[in-house]
Every structure is written in structure tokens, then in C-alpha cells.
Amino acid sequence: MSKHTVISGADLDAMNEQQFAAHLRAFLEKAYPGEWRRPVVLRVRGTDERRWLKQLNSHGLRAPGLPREHGGMGLSLDKQLVYKAVFDAYGAARVLDVGGTLLAPVLIRYGTPAQKGHYLPRILSCEDMWCQGYSEPGAGSDLASLRTSAERRGDVFVINGQKIWTSHATTASHIFVLARTGKFEKKQQGISFILCDMQTPGITVRPIVNMAGDDEFCEVFFDNVEVPVENLVGELDQGWTVAKSLLGTERLINGSPVLAQQTFDYLLRMLKSSPDMRLAAVADQRLAQIACDLHDAGALYKEICASALANTAEDADYSVLKVLSTELFQRTADLVTDLANERGGSAGECDFGDWQLDLHRLSMIARPGTIYGGTNEIQRDILSRAMFSAGR
């Protein structure tokens, strides 16, 4: 465990952005495992994820966007962006942290005092690790078509159905579930947001191996799973409102251009170590185009983050970010593959000077981005409806 000094919230407020960045870098240099400095191609999960998040929490560096009264760092937007930029620049691996980034803000906004008092400390201490039970077969991007049901019987909900593409369900201790609790004319009505312990009898988890060879996606089956009614978050049948607030947070995360930027950084390192790639890149206009696009995407992301914190962001804003960032990630990964020539088709790590990169894995990780978090086709539908409404 690092001996890095824990800084109080007041001291963090007193730091300017340069001092805060230096504080974060000093912590990372002392505490971050060197073998994890593999951005894009590594996502820390399971016991490693829990260990790292607990270490962040013990040093007062967990949950930069959560208010201090709920255990977070309570950073301003500018310092949240500095926080993210320092971790990204250092090469820290991705951490999903469903509980801290997705569920905690929802509980703060919609949870009962009892739910906040019980779950928020356990999320931040990593006593509870969460996964997200949203998508279903036939209800992915069209989430409101979900069929998993939660029938109230006395003081419990009895849940039956199936979820799919549930990230890290094999290592999570809890899951938050969208389930249908009522039938109404609009399919968005009659949905409820329910918290559930993964050890509850009747829950079965089945891993799914993806193109990159990872099994972090899972199917989750519910067979007469009994959950206490006090685990309902928000009002009965009004879970769509709760879900939309969480989806806004998720789309803001998915809309970050960081994966494209880190892939571009990989490419620049490759060009330095490979004369053949440098020669090919000179004549390839895509290199300059992507550099410009990354600059624009970063500026737009910062602007929409500010709008989100001011509660002025629209659904269409998140859709723009999601489409731009994921397609930019794919274009950047494709350029890496093309410029690498025969190495671009290799499976396993290739040498580039004094470091190695698995180009096949990089390409496979870039592919699902336009599908998860609502397919880009759905995002374009949202944008077209917004433009039509604005023109009326």
C-alpha cells in the first residue's frame, strides 16, 4: 500500500489545476502497478478492479464527481477533467466501476435515505461490486421493449426473465435490474428499477466470449428471484425516468474520445520506432485528419460535460458524442492496422522498438463501440428526430 498523503477536500479546492495534476501523478507513480499501464487493450476487472478502487478510496481519490457529503471527492468540472486527463496520460488501464460511475449518482438522486445510507458507503469501499441488468435478447437499443418481469407478492418482487451483455456479472456481488411491473399503453411506462443481490436463489450467470477473447460479457437468468420491495429505486412503474438519468451518465462516459486518443498515441509511438510506418504515414492524409478530429472531439466533449453538469444537455448531445467518439476510435484503430502492414494482421503482440502491442486485440476492442450503449443507428434516429422537432 502506498504511503501517499491523503489530501482533504478543502486542500484539493485550494490547489490550482497544475498542482492538482502533480498530486495525482505523484500518487500514480507510487501506487499504480506498472504491468497495468496498457491503455485501451486492458480493462482491470474482478479482484484487481476491487483492489485498485479500494486503494483510490483509501487515499481520498475515489469518485471525483460525487458530492463530498456522499463520500466522493466533489470536484469541479474543470478538476474532474484534469483527473481524467492525468489518468489517461499516465496510461492507466480502463476500470468499469459500474457502482461508482453509474449507480451511485442514481441513488443520490432517486434513492431513499435508507438506500443511500446502506449502499453508497459499500459502493465506495468496494464491499459491493455492481453490474447493470438492462439489455435483453430483443431489447438492446430498444430497451423499452424489455420483457423481464417483477411481480409484487406481499413484501417481495418475484423477478423472471433474462438479461444479456451484462458486463462483469461473473465478478459482481450485486445487479440493478430494469423489470416490467405494470402494463400501460406506452412501453416506457410500467418499468421499475430494482436492486438485487447476485447471491439470491434463482440467479444464473453464463459468460459470453467476445471477439477479443474476453468473457466479461454475460447472460443473466432470473428464475422466481425474490427481492425485497424496499430495493425499488424511485417510484413503482416509473423506472424509465431513473433509467434515462443513468443512460445519460453512461452515454457521457461512452462519448469520451479517450480510446481514440490513446490509440492515436499508440500510433505516434509506433511511427517513432518503425521507419516503414513513418514513410507510409507521410503520404496518408488520414493521420492529419484524425489529429484534427481528435482536437474537435475533445473540445465538444468538454462542452457537453459542462452542459450535463448544468442540466442543460439534451439527449441529442449524448448521441452526437457517442457516434463521433466510437467511429473515431474505429477509424484510428483501422489506420494503425493499415500502417502496420503485415503486422496489422498478426495475432498476439508485435514488437515496436522497446515495447509491444497486440494489434489484433486493439482492432477487436474497437469494433463493438458502435453497438454498445445504444447502437449508432439508434443514436442517428435520436438526432434525426431532434432535428425534425427543432425545424417544426
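This is a predicted model: local features need pLDDT of at least 70, side-chain atom pairs count only at pLDDT 80 or more; totals for chains, interfaces and linings use all residues.

Modeller: The helices, H or I runs of at least four residues, and the strands, E runs of at least two, are DSSP runs numbered from the N terminus.

Helix H10 covers residues 286-309 and packs with helix H4, residues 77-90, at an angle of about 135 degrees, their axes lying 10 Å apart. Since an angle has to be over 145 degrees to count as roughly antiparallel, H4 and H10 are therefore described as oblique to each other, and their crossing is right-handed. On the H4 side the contact is made by Leu77, Asp78, Gln80, Leu81 and Lys84, while Tyr301, Lys302, Cys305, Ala306 and Leu309 take part from H10. Sorted by class, the residues joining H4 and H10 comprise six nonpolar, one polar and three charged.

Helix H10 also meets helix H8, residues 258-273, where the two axes come within 11 Å and cross at roughly 145 degrees. Here the crossing of H8 and H10 is left-handed. Ala260, Gln261, Phe264, Leu267 and Leu271 of H8 are in contact with Leu287, Ile290, Ala291 and Leu294 of H10, and the residues of this contact divide into eight nonpolar, one polar and no charged.

A disulfide is a covalent bond between the sulfur atoms of two cysteines. The search for disulfides, made over the whole structure, finds zero of them.

Returning to helix H4, Lys79 also has its place there, and because its relative accessibility is 8%, below the 20% limit, Lys79 counts as buried. Leaving out residues up to four places away in sequence, Lys79 touches Leu12, Asp13, Met15, Asn16 and Phe20. The C-alpha atom of Lys79 is separated by 8.6 Å from that of Ala21, although these residues are 58 apart along the chain.

Helix H5, residues 98-110, packs with helix H6, residues 113-124, at an angle of about 160 degrees and with axes 10 Å apart, which makes H5 roughly antiparallel to H6. The crossing of H5 and H6 is left-handed. From H5, the residues Gly99, Gly100, Leu103, Ala104, Leu107 and Ile108 meet Lys116, Tyr119, Leu120 and Ile123 of H6, so that by class the contact of H5 with H6 has seven nonpolar, two polar and one charged residues.

Asp237 lies in the loop between strand E10 (232-233) and helix H7 (239-254), and with a relative accessible area of 14% Asp237 is buried.

Terms used
Residues are numbered from 1 along each chain as its sequence is written. Side-chain values use heavy atoms; hydrogens and water are left out. Axes are lines fitted to C-alpha atoms, for helices over the stretch in contact, and angles run from 0 to 180 degrees between N-to-C directions. Angles under 35 degrees count as roughly parallel, over 145 as roughly antiparallel, 65 to 115 as roughly perpendicular and the rest as oblique. A crossing is left-handed if the near helix is turned anticlockwise from the far one by less than a right angle, and right-handed if clockwise. Contact means heavy atoms within 4.5 Å. A disulfide is a pair of cysteine sulfur atoms within 2.5 Å. Buried means under 20% relative accessible area, exposed over 50%, partly exposed in between (1.4 Å probe, protein chains only).
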